[in-house]
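Hello,

Here is the structure I promised to pass on. Please open it first, then read the notes below.

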Amino acid sequence: MTLRKHDVRKYPPTSALLASSAGLGWSTLSVELRSHAVSEVSAFVPQHVEVCLVVAGNQEGLVRRTAAGLRQEAMPKTGAIWLAHPGLARNS
C-alpha cells in the first residue's frame, strides 16, 4: 500500500515527517506523524481513506480545505479529526 503517492504535491517542503510506520510490516495500514508549517497545497485526488488526527494543535492556525464542492475551515485543535474520502478531488 503506497499512501505517500501524492507526497510532493500533498506535503510541501514546510511539512516534516517525524515518524512513520514504514518498515513495520503493516500490509493494510500506514501511519505518519508530521509537523506542518504554513503552506498551500495543490488539488489532488486521494487514493485511500485517510484519517487525520491533530496531536498537538495550534490556536493561531487555520485549516482550509475544499472537497466535493464543499469548503471547510477549522482551527487545528488538539484531538480534532478529519476524514478524507478516496476519489474526491480536494485541496487541503
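Predicted model: local features only at pLDDT ≥ 70, side-chain atom pairs only at ≥ 80, totals over all residues.

Where does Leu83 sit? Leu83 lies in strand 6. Leu83 is also one of the residues that make a nonpolar surface patch of about 780 Å².

Now to strand 2, which covers residues 32-36. Two of its residues are worth a look.

Start with Glu32, which is placed in strand 2. Glu32 has a relative accessible area of 24%, so Glu32 is partly exposed. Its C-alpha atom is separated by 7.0 Å from that of Leu17. Along the chain, Glu32 and Leu17 are 15 residues apart.

Next comes Arg34, also found in strand 2. Arg34 is buried, because its relative accessible area is 14% and the cut-off for buried is under 20%.

Which side chains does Arg34 contact? One is Ser15: a polar contact of 3.1 Å joins the two side chains. Another is Glu32, where the side chains make a polar contact of 3.0 Å.

To find these spots, go to strand 6 for Leu83 and to strand 2 for Arg34.

Best wishes

Note on methods:
Residues numbered from 1 in each chain as written. Heavy atoms only, no water. Helix = DSSP H or I, 4+ residues; strand = E, 2+ residues; numbered from the N terminus. Buried < 20%, exposed > 50% of the residue type's maximum accessible area, 1.4 Å probe, protein only. Polar contact = N/O pair within 3.5 Å; in protein donor to acceptor, adjacent residues only side chain to side chain. Patch = residues over 30% accessible without salt bridge, like charges linked within 9 Å, V, L, I, M, F, W, Y side chains within 5 Å. Areas by Shrake-Rupley, 256 points an atom, 1.4 Å probe, with all protein chains shown as cover. Salt bridge = Lys/Arg side-chain N within 4 Å of Asp/Glu carboxyl O.
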